[in-house]
2 protein chains.
Amino acid sequence: MRKGRVTIPTDENYVEGTRIIADKWGADAVRDCDGTHLPKNAKELAEKVYNTYFVVRGDNAWADKHTDELQSVLLMTGHTLATDTTLTIELLKGYSRDQLGVNEENPKKYWQVFDRTTGEEIASWEYVGGGYVRIDGTKPYHEYTVNFFATNLWDSTQMYNYITNNWNIEKHKVMEPRFEATFEHIKDNMRKWCDENENVNVVRYTTFLYHFFLVFNEINKEKHVDWFGYPMTASPRAFDAFEKEYGYVLKSEDIVDGGTYHNNFVNPTPKFKDYMEFSEKYVTRTVRELVDIVHAEGKEAMMFLGDSWIGTEPYGDYFKDMQLDAVVGSVGGGVTVRMLSEIPHVKYHEGRFLPYFFPDTFFEGNEANAIAELNRNWVTARRAMMRKPLDRMGFGGYLALAAEFPGFIDRATEICDEFRSICDAADNAKPYSGLTVAVLNAWGKKRSWMCHMVAHELWYQQVYSYQGVYEALSGLGVDVRFISFDDIKKNGIDKDIDVILNVGDEGTAFSGGDYWADEQVVTSIRKWVAEGHGFIGVGEPTAKQMGGKYFQLSDVLGVDREKGFTLSEDKYNIEKKTHFITKDVVGDIDYGEGMKNVYALNGADVLDIDISPRFKRNVNVGEVKLAANDYVHGRGVYIAGLPYNPQNARLLLRAMFWSCHKEAEIEKAYSTNVVTDCAYYPESKKYAVINNTFEEQKTTFYDVNGNAKELVLKPNDIVWIQE
Amino acid sequence: MRKGRVTIPTDENYVEGTRIIADKWGADAVRDCDGTHLPKNAKELAEKVYNTYFVVRGDNAWADKHTDELQSVLLMTGHTLATDTTLTIELLKGYSRDQLGVNEENPKKYWQVFDRTTGEEIASWEYVGGGYVRIDGTKPYHEYTVNFFATNLWDSTQMYNYITNNWNIEKHKVMEPRFEATFEHIKDNMRKWCDENENVNVVRYTTFLYHFFLVFNEINKEKHVDWFGYPMTASPRAFDAFEKEYGYVLKSEDIVDGGTYHNNFVNPTPKFKDYMEFSEKYVTRTVRELVDIVHAEGKEAMMFLGDSWIGTEPYGDYFKDMQLDAVVGSVGGGVTVRMLSEIPHVKYHEGRFLPYFFPDTFFEGNEANAIAELNRNWVTARRAMMRKPLDRMGFGGYLALAAEFPGFIDRATEICDEFRSICDAADNAKPYSGLTVAVLNAWGKKRSWMCHMVAHELWYQQVYSYQGVYEALSGLGVDVRFISFDDIKKNGIDKDIDVILNVGDEGTAFSGGDYWADEQVVTSIRKWVAEGHGFIGVGEPTAKQMGGKYFQLSDVLGVDREKGFTLSEDKYNIEKKTHFITKDVVGDIDYGEGMKNVYALNGADVLDIDISPRFKRNVNVGEVKLAANDYVHGRGVYIAGLPYNPQNARLLLRAMFWSCHKEAEIEKAYSTNVVTDCAYYPESKKYAVINNTFEEQKTTFYDVNGNAKELVLKPNDIVWIQE
């Protein structure tokens, strides 16, 4: 048994138990947990001692004395109907009064009123006090909204936990560091805390300055949640600073955007990009001052990727300036692993695995379920770790509870060892990749592994059929890159890219919306495909109604979507063909939500089509679900939707190899069984074949020279083959 | 048994048989049929003798001598990729060479070339002859199209029949009446024909000048079919005349519109409306000259609503100018009945019922099926006839074949009698209506009962979920009107309208597209609903992404559709409620193709929602299928889709009564069983209750005073109740 790379929770009441389990698991770090305290001698338990730290919340003594220096939130009221020529709007209607107040600072300077029926900004309004705006000269039966600043009275995460757990404790207010006195106080707090926590050598920030957008409604239920949202960074102070720095006045609507708040699904405007950059620069230089204090004390600074992470943008240009030592985040599937493990400019990445050692799982008689959850989480994440491992793993909760389940402790012991063996094999070197594929959207690198997310790790009906693409990619033997339309416009397409993927619904930042009206984007990609590369579209790729087409690259994809305007045109290409791409398909393909009314153009190969009884005999029959198309020397592939499952991951892999004419290359560092994956680490000359299921599997393994070998894999097994 | 209102086919070889069946069915008219000739003594067989007449086709002797005076078709080539700085496009690629040639008249004047990647018109091109256009200065990887005039070498309907039936006869060329000599010849033909056909007293035009848009592909399969399409009216001659009449130059793109050819689903532009009007004026004044000839000979002029009907626009402003005596058309469902029976400015309307007396149905041993088809057609059409009967009915084919099936003859005898009894009861007076409802779209009156049609009567996947609304309306006890957005903008909403329906997919002329960005449209309807009226949306009503909404009247409808931009907003309104509207629902409601991602706003009542297992536990769950919403003093109702079935017709009826607060009025002239309908004719004081099924039904009948009576209806039965 080896040691290291593992963090366990501990507790002043469970010191001896910690020692025993730390020994079994090879843990070299201990951490505190909600409601527990580190033992005084924590340093004797492990090399690393983590403690959580809040930067802007939890200091109500200060907040209550400086009520003008609290954080703000930029909000829009609901659409409100005028039935007369004057209209009074209650700003906080529908919002939680426990969380939010009206920030009454200079409304005429910072707020905006819109006639949403015409889109016009309205000047004839005033704040009448008490949380109401009166608009004069309204037009009957037009709808109006007000953009305004609210005061943030209660930290969103604490509020969520408070309500969920029926707590009755002090409600954390949130300090705004843009006020000088408050920022000095924040730094003092940091220094003081370092002094008082000598036994801690890793400061686990939870997190820094600004919470992701999370506000509650009038009955304190979640109203709006956007894990990427910037409205909680906005304030009169920030707007003033922006004007000074960027030389133009930022308007509330530049962020509010009619109520979308420029979430991840909206193409970012130049102004919104400026505002993000402005926020990143501010957050990173501010946090840097805290990190410098921590470093001066000889401690490490670790960021929790959650809660108040807004403005850090780990894949942005300023993240490095914080000089963080580490990031930690929760591990759901493969996407969250890669989102964490690929963050640049930190020394190590840690994943927090499931289950939490809480009484909801760790109660008498539930050991089998606890082990099953552990296995499920591990196997789901492991695919991605074979491609880019985390550096450390950890658990949370009350270790004493886990200790009641010896079977769980034993299985976790195996997993900790397996984790270390993966880290060793990969050894921070790149595994073999058969292809380089790029996901193309409006965000590019900045939202690497962050596409099609709304609330962190939550399932959404409108998303899972696309999110499955990234989940599949997270464990496939290809290099993955995220590129933006602006990248292509500025620099063209990187020479080493074999395949481009465009994934999502029409008009969203993930499919690209108006970028498809940009001739430079369209022709660059057409030319590049024509030269012999691959283009794969999922859902409504390249969608933008224009020039008699809906998919602007319908010519490349071989399909278009019928929106009603060309029903008169007969569609005959409905014959399903066998194909390289569908070779491993057994039974029906799951397209998730799929896509309606897609038809194949002449010359494309239809690989799957829905011709159900509801399609009566008619010239316009069938919905194409999967198609492949030759385009000069390159190829296009269309997929209606791709929720994650092993068969779909294989389908995508085959589509990628086919699209760039590398079919012959697929069986290198390859395992035939679709529920297995194979990774090859050239530096350590090791192959790993993993079984992603809980049953025994047979498979044929191919090395990079195409030599085959039959393998039998035990449930969850990982088989190492030394070259 | 009574006589009249019935037309039967006859044949010079079946005179005595005709007499017998005419007597049984009470037929007072005989007609010829494809491949048959009227008997010499046809006038002795019936009061009315119909004979088909082609105006512009079938005279190849003339056409071959005047090859410059053939009709044209305005076409667009396919999107063609440039890979270099010059590109040659083959104009007729993908088109039938048997049907189409290139009309080489002055290409630079009449044709247009577009870069469809940018939308720009290109000037640097020339027609190099032989059917090819060369474009210079093309940009690599842009797509180009050419709009050009083709010569119409073969009448579309004849071509269709020819190919379908493997004919080998002369191919009918199509003469262009805009050439003076040809038009004079057409009139001469008409005069001569009248002289030669003294025994005929009804000229059955099949039809007039211009065919609906129907062109074939390179292997003579249907390529493009639009029963409403105008490209076959277009020609250099027409464009020149347009410029003279309207004072501006019409461009090919004004009709081609990127390949949609301004079909029924595209919002008509002012220029396209001008062109339609221009065509209507020309067609009607030209036909009028033929009708005058016919009338001078003491004959009636009857128009077949099919084939070359383009430019007549029976619901347009110029139709009356032709002074037609009658229209005849085929009867599918209730919609086609109403489309025919409500045409104004003719003396009578005739429906051609199914089945045709052709050998495909009338073969030995198939009598039961023939009767079943007769019953099905009759019962489907009858619902609509109870509201607005046709004046005459008829059959086609070979009467001798029908005579082989005595059971068929008997059942048809009953139906002819039932038809006459309906006509008598209705007596050209309006039946009682509980409500006045208006279908709102971009076409209004001009496309009365013609909404959501592509090829006449054909089923399309993208259409049936909306077409069911009209089919339901065709037999419900309400007055139906078709109004346009322009009507509302010009004249407001008619005082007597109780309910407005908006039905269709986003961006189409049927839901309205950009009209929903028109504040006058939006506010007029909001105000009108607020005053106490009803608004019902089906599919994507009022859809236009703008101002933070997708359904612009989401406030009225109580629902909006999630397009990905507001996934961050929590949607809690998912509890299904019992309601007046769904009172008669048994089992699941069939929404046809339905609509994805619709959610209810706060305050709306969710009447049906899809929460299937695929919606995992999440804040954003469920797709709303049916919702009801109070809006000031009025109400809105949302329905995801409404294919026709009896339960859906009832659902719509209840929604309409509920929406305008007339719930208490619904049980007047009403039959409770959803597979029955009730009509009341105040002038004749008769009620009719019809059984739309082939099984016995029980129902409770309510008279207009609300008195109830239990009824038992035999299969297909119609029960008359005299007040």
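**Notes on the predicted model**

1. In this predicted model, the largest nonpolar core has 230 residues, and those with the most contacts inside it are Met302(B), Val327(B), Val469(B), Leu501(B), Val559(B), Ala627(B) and Met656(B). If you wish to look at one of these in detail, Val327(B) is in contact, once its neighbours within four places in sequence are left aside, with Met302(B), Met303(B), Leu305(B), Pro314(B), Leu340(B), Ile343(B), Val346(B) and His349(B). Apart from the core of 230 residues lies another core, of 228 residues, which includes Val174(A), Tyr205(A), Tyr356(A) and Tyr681(A).

2. Where the two chains meet, 61 residues of chain B are in contact with 61 residues of chain A. On the chain B side, the elements that contribute two or more residues are β15 (222–226) and α16 (519–530) of chain B, and α16(B) gives the largest share, six residues. By class, this side of chain B that touches chain A divides into 18 nonpolar, 25 polar and 18 charged residues.

3. Chain A is divided into domain 1 (1–46 + 347–427), domain 2 (436–665) and domain 3 (670–722). The C-alpha centres of domain 1 of chain A and domain 3 of chain A are 26 Å apart, and 10 residues of domain 1 of chain A are in contact with 12 residues of domain 3 of chain A. On the side of domain 1 of chain A that touches domain 3 of chain A, α11 (367–387) and α13 (406–426) of chain A each supply at least two residues, with the largest share, six residues, coming from α11(A). That side of domain 1 of chain A has four nonpolar, one polar and five charged residues.

4. Helix α5 (residues 156–164) of chain B has as its buried residues Ser156(B), Gln158(B) and Met159(B). These three lie on the same side of α5(B) because they cover an arc of only 160 degrees around the axis. Among what covers the buried residues of α5(B) is β14 (213–216) of chain B. After α5(B) comes Asn166(B), with a positive phi near 50 degrees.

5. Some backbone geometry deserves a check by eye. In chain A, the peptide bond from Leu354(A) to Pro355(A) is cis, with omega near 0 degrees, and Pro355(A) lies in the loop between β18 (348–352) and α11 of chain A. In chain B, the peptide bond from Leu354(B) to Pro355(B) is cis, with omega near 0 degrees, and Pro355(B) sits in the loop between β18 (348–352) and α11 (367–387) of chain B.

6. Two further residues have a positive phi. Asp307(A), a residue other than glycine, has a positive phi near 50 degrees and is placed in the loop between β16 (300–304) and β17 (326–330) of chain A. Is Asp307(A) buried or exposed? Asp307(A) is buried, because 23 other C-beta atoms lie within 10 Å, the cut-off for a buried residue being 20 or more. Tyr141(B), also a residue other than glycine, has a positive phi near 70 degrees and is found in the loop between β11 (132–136) and β12 (143–152) of chain B. Tyr141(B) likewise counts as buried, because it has 22 C-beta neighbours inside 10 Å.

Notes: Residues are numbered from 1 along each chain as its sequence is written. Chains are lettered from A and ligands numbered from 1 in the order in which they are written. This is a predicted model: local features need pLDDT of at least 70, side-chain atom pairs count only at pLDDT 80 or more; totals for chains, interfaces and linings use all residues. Domain bounds come from an automatic or database domain assignment. Two residues are in contact if their C-beta atoms, placed from the backbone, lie within 7 Å. Helices (H or I, at least four residues) and strands (E, at least two) are DSSP runs, numbered from the N terminus. Ala, Val, Leu, Ile, Met, Phe, Trp, Tyr, Cys and Pro count as nonpolar, Asp, Glu, Lys and Arg as charged, and the others, Gly among them, as polar. A nonpolar core is a set of buried Ala, Val, Leu, Ile, Met, Phe, Trp, Tyr and Cys residues joined through C-beta atoms within 7 Å. A residue is buried if 20 or more other C-beta atoms lie within 10 Å of its own, exposed if 12 or fewer, and partly exposed in between; C-beta atoms are placed from the backbone. The arc is that of the directions from the helix axis to the C-beta atoms.
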